[in-house]
Amino acid sequence: MASSKKRSELGRNVVAVLASILVAVILDAGGAFDSIISGTENAKLLGSFISGIFFTSFLTTAPAILALGTIAANSSIIPVALVGGLGALLGDLIIFYFVR
């Protein structure tokens, strides 16, 4: 009985991750990230921070990777990585606050 429940939960998690990856691919193919990033030319570090926050959840990791990669391709990678890491830290702290 417990094994069946674990398999069902695993199946739902796999479907959720695949759906997240599919959404990221669709957004990239449609050019949504490029238009968002080009529209926020002066706020790349803010975009990196927000993408870092979304990087912490398994459902939003794929779109966050795409956003961080797009931002890093158009600017210096070191500040993008550092600010994205701070955003991920904040995201983890928020999750820990609610889970605890």
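## Lys-44 and its surroundings

Leaving out neighbours within four places in sequence, Lys-44 is in contact (heavy atoms within 4.5 Å) with Ile-71, Asn-74 and Ser-75. Lys-44 sits in helix H3; helices here are DSSP runs of H or I with at least four residues, strands are E runs of at least two, and both are numbered from the N terminus. Is Lys-44 buried or exposed? With a relative accessibility of 11%, Lys-44 counts as buried (under 20% relative accessible area, with exposed being over 50% and partly exposed in between, using a 1.4 Å probe and protein chains only).

A quick word on what you're looking at: this is a predicted model, where local features need pLDDT of at least 70 and side-chain atom pairs count only at pLDDT 80 or more, while totals for chains, interfaces and linings use all residues. Residues are numbered from 1 along each chain as its sequence is written, and side-chain values use heavy atoms, with hydrogens and water left out.

## H3 against H4

Two packed helices are described by the angle between their axes and the distance between the axes. For H3 (residues 44-54) and H4 (residues 61-73), the axes come within 8 Å and cross at roughly 160°; axes are lines fitted to C-alpha atoms over the stretch in contact, and angles run from 0 to 180 degrees between N-to-C directions. So H3 is roughly antiparallel to H4 (over 145 degrees; under 35 is roughly parallel, 65 to 115 roughly perpendicular, and the rest oblique).

On the H3 side, Lys-44, Gly-47, Ser-48, Ser-51 and Phe-54 do the touching, and they meet Thr-61, Ala-64, Ala-67, Leu-68 and Ile-71 of H4. Sorted by class, that contact has five nonpolar, four polar and one charged residues (Ala, Val, Leu, Ile, Met, Phe, Trp, Tyr, Cys and Pro are nonpolar, Asp, Glu, Lys and Arg are charged, and the others, Gly among them, are polar).

## H3 against H5

With H5 (residues 77-99), the H3 axis comes within 6 Å and the crossing is at roughly 40°. That makes H3 oblique to H5. H3 contributes Leu-45, Ser-48, Phe-49, Gly-52 and Ile-53 to the contact, and among its partners in H5 are Pro-79, Val-83 and Leu-90. This contact divides into nine nonpolar, five polar and no charged residues.

## The whole chain

Zooming out, the protein has five helices and zero strands. Of its 100 residues, 23% are buried. For contacts with a separation of 6 or more, 72% come from residues 24 or more positions apart.
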